[in-house]
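Please look over the sequence and the model below before reading on. The notes after it are arranged by topic.

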Amino acid sequence: MLVLVAPGQGAQTPGFLTPWLELPGVRGALEAWSDAVQLDLVRYGTEGDAEEIRDTAVAQPLLVAAGLASAYMLFDDPAELPRKVGAIAGHSVGELTAAALAGVLPDEETVRLVRARGLAMAEAAAITETGMSALLGGDPEVSVAHLEKLGLTPANINGAGQIVAAGTMEQLAALSEDKPEGVRKVVPLKVAGAFHTHHMGPAVEKLAEAAKELVPGDPRLTYVSNKDGKAVATGTEVLERLVGQVANPVRWDLCMETFKELGVTALIEVCPGGTLTGLAKRALPGVKTLALKTPDDLDAARELIAEHA
């Protein structure tokens with residue numbers, strides 16, 4: 001059973017889209033999505049420096065566009081995707097990539113929604129100086145209790161021993177000085193705010209307004225939600241969860257537990273892949289994994305699909 005996953009913010013690197021533009025149809029799709037959101041995704045994905053593409057309002061549509069474009073390159077016909085992929089999920093903004101690939105929203109509507117999401121989250125992040133830090137090592141229960149004591153939120157519980165804390169810069173500084181027992185290191189992340197926490201409350205309201213006119217379709221394959229790792233069967237509920245998830249923790253650990261229950265045998269992470277396959281290698285032993293980083297990875301990915309679809 002094959003699972004397709006889409007990465008979240010922080011996976012982007014300068015120039016990562018450059019080799020993908022050589023494939024037929026990719027540049028045209030990116031230009032159309034750029035027009036839809038009034039943002040030059042081609043330039044940002046090929047020429048944008050690290051600081052430019054760190055901007056939440058840029059990074060989020062860029063990641064979703066890259067994920068969609070690379071996923072469609074896996075199949076001769078995009079209609080094959082729901083027939084050959086057993087389940088789909090995305091981490092944070094990657095949930096929107098997954099929703100589009102599952103048929104919940106058309107691509108252009110998805111890119112517009114993610115642009116609204118990025119802008120709203122950037123505005124919310126500007127209210128108070130906040131950030132996120134990854135905890136390496138330690139016992140999850142001990143770490144979560146310690147974070148709560150410091151006023152921090154365990155914003156991403158990623159499984160495989162990885163937790164990401166979010167809160168004010170003062171709270172994160174206190175965490176660096178006072179690590180939970182067993183944690184080897186606290187690593188500040190290159191993000192612009194405390195995503196998936198109460199600090200994103202204002203963004204939820206704006207995203208709900210942007211989503212109000214959309215008419216979602218039901219997922220054409222098993223769609224696994226970050227909220228609780230549950231499979232969601234209706235498009236209406238997927239959209240509601242996408243809106244609310246902006247201010248709630250990402251439970252990627254529970255998503256991987258669901259993959260295990262579904263009988264996953266292979267996992268492919270769309271471009272810019274690497275983060276989620278790394279987690280899967282530790283949390284899902286025996287499952288074959290592949291990250292789409294460049295078009296050079298496509299042949300191996302197609303072989304994996306042929307074997308596990």
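The model is predicted. The briefing starts with helix α13, which spans residues 275–283, then turns to the open sheet with the order β4-β5-β3-β6, and ends with strand β2, residues 87–90.

**Helix α13**

- The buried residues of this helix are Leu276, Thr277, Leu279 and Ala280. They lie on the same side of α13, because the arc they cover around the axis is only 160°.
- On the face of α13 turned away from the buried side are Lys281 and Arg282, which are exposed.
- Several elements pack against the buried residues of α13. They are the strands β1 (2–6), β4, β5 (162–168), β9 (266–269) and β10 (288–291), together with helix α12 (252–262).

**Thr277 within the helix**

- Thr277 is a residue of α13. Its relative accessibility is 4%, so Thr277 counts as buried; the cut-off for buried is under 20%.
- The Thr277 side chain reaches the backbone oxygen of Gly274 at a distance of 3.0 Å.
- Which residues is Thr277 in contact with, leaving aside neighbours within four places in sequence? They are Leu267, Glu269, Thr289, Leu290 and Ala291.

- Strands of a sheet pair through backbone hydrogen bonds, and the pairing can be parallel or antiparallel.
- Four strands form an open sheet in the order β4-β5-β3-β6, and their pairing is antiparallel. At the edges are β4 (153–159) and β6 (183–188), each of which pairs on one side only. From one strand to the next, the twist averages 25°.
- Strand β3 (residues 130–137) and β6 run antiparallel and are joined by five bridges. Leu136 has Lys185 in β6 as its bridge partner.

- Where do the residues of β2 point? Ala87 and Ala89 point one way from the strand, while Ile88 and Gly90 point the other way. All of these residues are buried.
- β1 and β2 run parallel, with four bridges joining them. In this pairing, Leu4 stands opposite Ile88 of β2.
- β2 also pairs in the parallel sense with strand β7 (residues 222–224), over two bridges. Here the bridge partner of Ile88 is Tyr223 in β7.

Note on methods. Residues are numbered from 1 along each chain as its sequence is written. This is a predicted model: local features need pLDDT of at least 70, side-chain atom pairs count only at pLDDT 80 or more; totals for chains, interfaces and linings use all residues. Side-chain values use heavy atoms; hydrogens and water are left out. Buried means under 20% relative accessible area, exposed over 50%, partly exposed in between (1.4 Å probe, protein chains only). A polar contact is a pair of N or O atoms within 3.5 Å; within protein, one must be able to donate a hydrogen and the other to accept it, and residues adjacent in sequence count only if both atoms are side-chain atoms. Contact means heavy atoms within 4.5 Å. Two strands pair if DSSP finds at least two bridges between them. Axes are lines fitted to C-alpha atoms, for helices over the stretch in contact, and angles run from 0 to 180 degrees between N-to-C directions. The arc is that of the directions from the helix axis to the C-beta atoms.
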